[in-house]
Amino acid sequence: MRFASKMIALTAVLLALSLSAGGFWVVRSACRLELDNTVREAQEDMKLFGTTLQALCLMEDPSREPEEAVKRALQNGSAFGTYQSCVYDENGKLLAGAGEAYPEEQTEEDEGVIETTILQRGDAYVVVSSQKIRLMDRTFGITRSREITQVVRQAYDHLRRYELIMAGVLAAGMALTTLLTLWMTRPIRGIARGVRAFSEGKLEERIAVWSDDELGGLAREFNRMAGSLQEKVSELEDAARRQKDFTASFAHELKTPLTSVIGYADTLRSRELPRRQQIEAANYIFTEGKRLEDLSRALLDLFALERKAPQMRPADARQLAAEVEKSLSYLLNESGLRLVAEAEPARMICEPELIKVLLYNLVDNARKASAPGGVIELRGVRTVREDGTGGYRFTVTDHGSGIPPEALERLTEPFYMVDKSRAREKGGAGLGLTLCEKIAEVHGGSLTFESIPGEGTTVCAEIGGAAS
Amino acid sequence: MIKILIVEDEKPIANLIDWNLTGCGYHCECVYDGREAADRIEENEYDLILLDIMLPGVDGFELMEQIRPTRTPVIFITARGAVEDRVKGLRAGADDYLVKPFEIVELTARVESVLRRAGKTQERYEIGDVVIEPRSMTVTKGGEPVTLTYKEYELLLLFLRNRGIALYRETIYQRVWGGEMDPDTRTLDLHVQRLRKKLGWQKQLVSIYKVGYRLEG
């Protein structure tokens with residue numbers, strides 16, 4: 001049963017019970033009062049009639065037959081009231097009377113006690129009173145009756161009218177309750193609809209909030225939950241997609257050099273090759289084997305970074321930049337490039353080896369992008385971070401080939417290479433910037449890129465934990 | 001001569017395929033990116049295209065759209081070996097699939113089988129006075145028909161398709177006997193001896209110590 005139907009049924013039952021119980025009591029007491037009055041009236045009339053009869057008998061001649069005297073008195077007193085009277089002897093035999101006699105209604109009680117009953121005769125109702133009375137030294141029974149059909153009918157009419165009114169009130173009440181309940185449970189149905197849609201996978205589905213009451217609150221809470229769930233799901237989907245992309249790229253990067261190594265080795269062992277081709281094949285095996293080695297080293301660095309926390313200790317920023325400059329000087333000289341390194345001195349809490357790898361990679365990337373004769377700038381400045389703590393920013397700027405805008409946001413994706421064939425020639429597995437970003441992240445920082453194709457690139461590495 | 005286009009952005013791999021197919025008597029051309037491949041396909045007609053899927057510029061699936069109307073057979077070369085990738089490749093209209101890394105014998109076998117299905121296989125092989133016509137499965141020596149068992153014929157075809165290549169015992173067992181034979185048994189040697197005798201190939205079928213056999217000539 002639906003909640004709305006339950007509420008309607010419950011309210012209707014309560015309404016009906018209280019209305020009928022209350023109404024029944026009121027109407028019944030009204031009817032009872034009316035009949036009670038009739039009975040009392042009949043008794044009082046009987047009392048009066050008894051006294052009148054005795055008085056009339058006193059005026060009769062005492063020598064006469066008592067029965068005759070009583071008959072006469074009865075005749076004289078018949079005009080009294082709206083009742084019809086009968087007189088019976090000691091044995092209950094009807095002596096005289098007007099209208100219908102009710103000998104079976106004669107009382108067994110002592111003299112002076114009046115007994116009154118209401119009888120139904122077909123469609124008619126009659127009130128009958130009876131008593132024993134002492135007349136002319138004998139005991140007679142009297143009954144007096146009156147038709148009260150009108151009075152009883154009226155009482156029944158009241159009852160019927162009450163029933164009609166009650167039915168009307170009940171119907172109206174039920175209609176009103178139905179409307180009210182439907183109106184009240186509308187938010188619940190809305191919530192149910194929203195929840196169903198959500199569970200069917202329509203994660204963007206939300207519940208329209210109408211009210212400030214508990215249900216409105218529930219809807220709002222649900223929406224909040226749906227929002228955060230949707231966010232989590234899309235995060236998970238992103239992670240799964242990245243994982244899938246990573247696996248696919250990794251398989252490609254692994255299998256490509258393997259194909260050369262296996263293929264050339266297979267060719268060497270199966271074919272009689274001229275000496276020149278033999279050397280060429282061996283060289284391919286060597287260089288592609290080296291490529292595999294680079295790949296495995298970069299991957300191991302990356303995995304190590306993800307697995308264990310860096311060993312943080314204080315180091316001097318200027319010192320780090322100088323060390324990187326020194327270790328790259330040979331390569332830079334060979335490429336005909338000049339490195340300008342200007343770093344503000346600062347005490348940084350970091351893992352110095354990782355920061356050096358970061359700077360080395362960024363400068364080496366700049367080297368690969370630059371034409372001979374160019375200048376690469378490595379700068380370092382102290383910064384104040386959003387939370388008020390000290391930070392440090394390294395920027396590496398080159399004036400080389402630049403990066404197309406559509407490639408900028410993919411730079412840190414594993415195995416992404418802007419120009420694959422160029423990257424291959426200069427050696428690289430497409431993991432350098434992925435590693436750099438990870439290093440920046442474990443130091444509470446980030447990596448940002450700005451580039452104009454043809455003019456050069458600036459990479460900015462923000463790092464936390466610096467003090468002057 | 002059968003013309004094969006090799007589309008592969010990894011120069012070492014393109015070169016590797018080129019060497020080996022050229023060694024089998026095919027004429028090969030190499031291109032290293034999708035756009036250039038599209039130009040070549042438009043300008044020339046090839047008997048077979050070996051196509052890498054992950055290409056810079058235009059990728060393998062896009063190139064497929066261009067190749068399909070020409071009805072040139074295509075073998076996809078890819079590092080993605082998952083079943084759904086293969087199905088996707090075959091749906092796109094590839095005739096076969098070569099998953100990196102691959103062995104040379106696998107490469108030549110797939111090339112040969114795709115060419116055969118496309119009806120572009122070499123009509124006949126001639127070595128000395130021995131003539132083999134795969135279409136009609138006939139072998140003649142000096143004009144006289146030579147009777148071979150099925151396995152002897154299969155073995156002969158394997159040697160013919162890999163002329164100048166040393167075939168390792170395990171490779172031969174895998175290709176001819178479906179790998180169900182123990183490589184140490186004498187079955188292979190007995191078959192080779194019978195081929196030598198029936199075709200007079202004592203010199204051409206060279207046995208390589210501890211490796212296998214090679215057909216020269």
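This is a predicted model: local features need pLDDT of at least 70, side-chain atom pairs count only at pLDDT 80 or more; totals for chains, interfaces and linings use all residues.
1. Let me start in chain B, at a proline worth a look. P101(B) sits in the loop between strand 5 (96-99) and helix 5 (104-117) of chain B. The peptide bond that joins K100(B) and P101(B) is cis, with omega at about -10 degrees.

2. M137(B) is not a glycine, yet its phi is positive, about 55 degrees. This methionine lies in the loop between strand 7 and strand 8 (138-141) of chain B. Is M137(B) buried or exposed? M137(B) has 11 other C-beta atoms within 10 Å, so it is exposed, the cut-off for that class being 12 or fewer.

3. K210(B) belongs to the loop between strand 11 (205-208) and strand 12 (212-215) of chain B. Because 7 other C-beta atoms lie within 10 Å of K210(B), this lysine counts as exposed. As background, most residues other than glycine have a negative phi.

4. Staying with chain B, there is a sheet to trace. Its 4 strands run in the order 6-7-8-9, form an open sheet and pair in antiparallel fashion. Which strands stand at the edges? They are strand 6 (125-127) and strand 9 (144-145) of chain B, each of which pairs on one side only. Strand 6 of chain B is held to strand 7 (residues 130-133) of chain B by 3 bridges, and the two run antiparallel. One pairing to look up on screen is I127(B), whose bridge partner in strand 7 of chain B is V130(B).

5. Now to chain A, with an overview. Chain A contains 10 helices and 13 strands. Of its 468 residues, 26% are buried. Looking at contacts in chain A between residues at least 6 apart in sequence, 64% join residues at least 24 apart.

6. Chain A has an open sheet of its own: 5 strands in the order 2-1-5-4-3, with antiparallel pairing. Strand 2 (94-97) and strand 3 (115-121) of chain A each have a single partner strand, so one side of each is left without a neighbour in the sheet. From one strand to the next, the twist averages 25 degrees. Strand 4 (residues 124-135) and strand 5 (residues 138-147) of chain A run antiparallel and are joined by 10 bridges. Within that pair, V126(A) is found opposite E147(A) of strand 5 of chain A.

7. What packs on this sheet of chain A? Helix 1 (residues 3-58) of chain A does, touching strand 1 (84-88), strand 3, strand 4 and strand 5 of chain A. The direction of helix 1 makes about 35 degrees with that of strand 4 of chain A.

8. Helix 5 (residues 275-307) and helix 10 (residues 432-442) of chain A pack at an angle of about 20 degrees, and their axes are 10 Å apart. The two helices of chain A are therefore roughly parallel, as angles under 35 degrees fall in that class. The crossing of helix 5 of chain A with helix 10 of chain A is left-handed. From helix 5 of chain A come A298(A), D301(A), L302(A) and L305(A), which meet T434(A), L435(A), K438(A), I439(A) and V442(A) of helix 10 of chain A. This contact comprises 6 nonpolar, 1 polar and 2 charged residues.

9. One aspartate in chain A stands out for a closer look: D398(A), in strand 10 (residues 390-398) of chain A. The C-alpha atoms of D398(A) and L339(A) are 9.5 Å apart, although 59 residues separate the two along the chain.

10. Finally, the two chains meet: 20 residues of chain A are in contact with 20 residues of chain B. On the side of chain A, helix 4 (214-270), helix 5 and helix 9 (420-425) each supply at least two residues. Helix 4 of chain A gives the largest share, 15 residues. The residues on this side of chain A divide into 6 nonpolar, 8 polar and 6 charged.

Terms used:
Residues are numbered from 1 along each chain as its sequence is written. Chains are lettered from A and ligands numbered from 1 in the order in which they are written. A residue is buried if 20 or more other C-beta atoms lie within 10 Å of its own, exposed if 12 or fewer, and partly exposed in between; C-beta atoms are placed from the backbone. Two residues are in contact if their C-beta atoms, placed from the backbone, lie within 7 Å. Two strands pair if DSSP finds at least two bridges between them. Axes are lines fitted to C-alpha atoms, for helices over the stretch in contact, and angles run from 0 to 180 degrees between N-to-C directions. Angles under 35 degrees count as roughly parallel, over 145 as roughly antiparallel, 65 to 115 as roughly perpendicular and the rest as oblique. A crossing is left-handed if the near helix is turned anticlockwise from the far one by less than a right angle, and right-handed if clockwise. Ala, Val, Leu, Ile, Met, Phe, Trp, Tyr, Cys and Pro count as nonpolar, Asp, Glu, Lys and Arg as charged, and the others, Gly among them, as polar.
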